[in-house]
Amino acid sequence: MGKKAQFGSKIGLIAATVGSAVGLGNVWRFPAEAQANGGAAFLIIYVLCVFILGVPVMVSEFAIGRAGRSDAVGSFKNIGAPKQWWIVGGLAIFASYMILCFYMVVAGWTIEYLWNSITGSLYDIPAEVPAESAFVAKMKELISSSINPLIATYVVVIINIGVLMGGVQKGIERLSNILMPILFLVLIVMCCVSLSLDKAAAGVEYFLNPDFSKLSPAVALNALGQAFFSLSLGMGILITYSSYFPKSTKLTKTAITVSLLDLLVAIMMGLIIFPAITTFGLQDAGLEGTTLVFVTLPEVFRMMPLTGLWSTLFFLLLTVAAVTSTISIAEVTVAFVSDRFKIKRYKACLITMLPLFVFSTVCSMSLNGNYGLDIAGMPVFDFLDSVATNILLPIVSIGLCVYLGWFAPKSILPDEISNRDTVSRHPYTLIRFVIRYIAPTLIALVLASYFLHG
């Protein structure tokens, strides 16, 4: 198979890893969670979860990946894990592929909306028609129709194939070096525009004023779940990407940098969305999932000057976040197929990606409601989302923490954290304590809450 691929530069390494973490969870899930759970009160708990729990678990995944120098299963094998612990890596790969099946569809939606923003057809609605009902109809047309979502999804799959066949440096790293600066540039422009609106101050207060009366154990669990979801923990992504890290990479510093940038994106999205919806009196509209992104925000853009420009920039931002995320999720399985079966990368890409033309089609068509594509009483799309994100990812995270905290060779974590420098092991004790006791306990509470309350 030749020499193990590596990222070519520190900037490329950070760009690719941030690209894997920054996704639609930052864009539509974080503002909705903040709005529902006390604004800055939720933000404070979320920040604590990111840095007290998220960073140590991220460092742990980095340590396994760089020590193992292989895919999410091979890395466990290479550091001497018994067979039962390989299952943790296998579950991560399985979960990531389930996520990939429906995430491709969502990424396709962003491309549809980007194209319709560019052409102006998204806002081609009669003036007398109420904006909300018009954009609900548009969303149904663009998301649930038979043809358009499929074409857009296939475009995303093809983009992924092209990038992944380019390899780590010429594909993933090169694209990340281009798209991540674009993402942050668009974020800055959109923030400036939103903060210049008439009632921007009220929107910022709406976002950053903590309502501690809404705090509860459920809010804390929501913040923990959001932190782990937004940092891509438990998906095998960070293990896979860290196998491409040079030995000189400082894992703790990298984890903190990635977490800070991921958090910055989430906060900037809040500073874009809340001033905009407050200015136009939409703060009580549906701030959740597809409703927020595909209905509420187009209503905002329709009432702004230069509607097409701001709508295009926003959906460009969304498309960049979606595409970089799909590439990182797909790389988990590509690396597994290539490393385990000792085949060339382009064959591994085709084996991984070609079935998605079928699986993503099933996910997309299940939302139409006319084809009977349901599992356990819900569309295939929703079933995969629920099982992967609410069940498998917490299980993988718990397994990873338990293995590395209690059963892995004792030298792996301190050696990887310090780059084998015995003088620089200061974070080791704290990280080991968190992954041994705190992280698995709190993740188990999230999992239990899901089963108890749905």
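**Helix packing and aromatic contacts in a predicted model**

The buried residues of helix H15 are covered by elements that include H5, helix H7 (148-165), H14 and helix H16 (356-366). Contact here means heavy atoms within 4.5 Å. Helices (H or I, at least four residues) are DSSP runs, numbered from the N terminus. The model is predicted: local features need pLDDT of at least 70, side-chain atom pairs count only at pLDDT 80 or more, and totals for chains, interfaces and linings use all residues. Residues are numbered from 1 along each chain as its sequence is written, and side-chain values use heavy atoms, with hydrogens and water left out.

H15 spans residues 345-353, and its buried residues are Ala 348, Cys 349, Thr 352 and Met 353. Buried means under 20% relative accessible area, exposed over 50%, and partly exposed in between (1.4 Å probe, protein chains only). Viewed down the axis of H15, the buried residues fall within an arc of 115 degrees, so they line one face of the helix. The arc is that of the directions from the helix axis to the C-beta atoms. An α-helix has 3.6 residues a turn, so residues three or four places apart point the same way.

Helix H16 contains Thr 361. Thr 361 is buried, with a relative accessible area of 13%. Neighbours within four places in sequence aside, Thr 361 is in contact with Leu 150, Tyr 154 and Leu 356.

Aromatic pairs were searched for across the whole structure, and 28 were found. Rings of Phe, Tyr and Trp (its six-membered ring) pair if their centres lie within 6.5 Å; planes under 30 degrees apart count as stacked, over 60 as edge-to-face and the rest as tilted. Trp 85 and Phe 407 form a tilted pair, because their ring centres are 5.2 Å apart and their planes are at 35 degrees. This pair links distant parts of the chain: Trp 85 is in helix H5 (residues 83-119) and Phe 407 in helix H17 (residues 380-407), 322 residues apart. Trp 85 is buried at 15% relative accessibility, whereas Phe 407 is exposed at 52%.

A stacked pair is formed by Phe 294 and Phe 315, with 6.2 Å centre to centre and 5 degrees between the planes. Phe 294 lies in helix H13 (residues 289-302) and Phe 315 in helix H14 (residues 307-341), so the pair ties together parts 21 residues apart in sequence. Phe 294 is buried at 0% relative accessibility. Phe 315 is buried as well, with a relative accessible area of 0%.

Helix H2 (residues 24-36) has 13 residues and reaches 18 Å from its first C-alpha to its last, close to the 18 Å expected at 1.5 Å a residue. The expected span is 1.5 Å times one less than the number of residues. H2 bends by about 30 degrees at Phe 30, and Pro 31 follows within four residues. The bend is the angle between axes fitted to the seven residues ending at a residue and the seven starting there. In H2, 10 of the 13 residues are buried, so the helix is largely enclosed by the rest of the structure. Just after H2, Gly 38 takes a positive phi of about 95 degrees.

Definitions and conventions. Helices (H or I, at least four residues) and strands (E, at least two) are DSSP runs, numbered from the N terminus.
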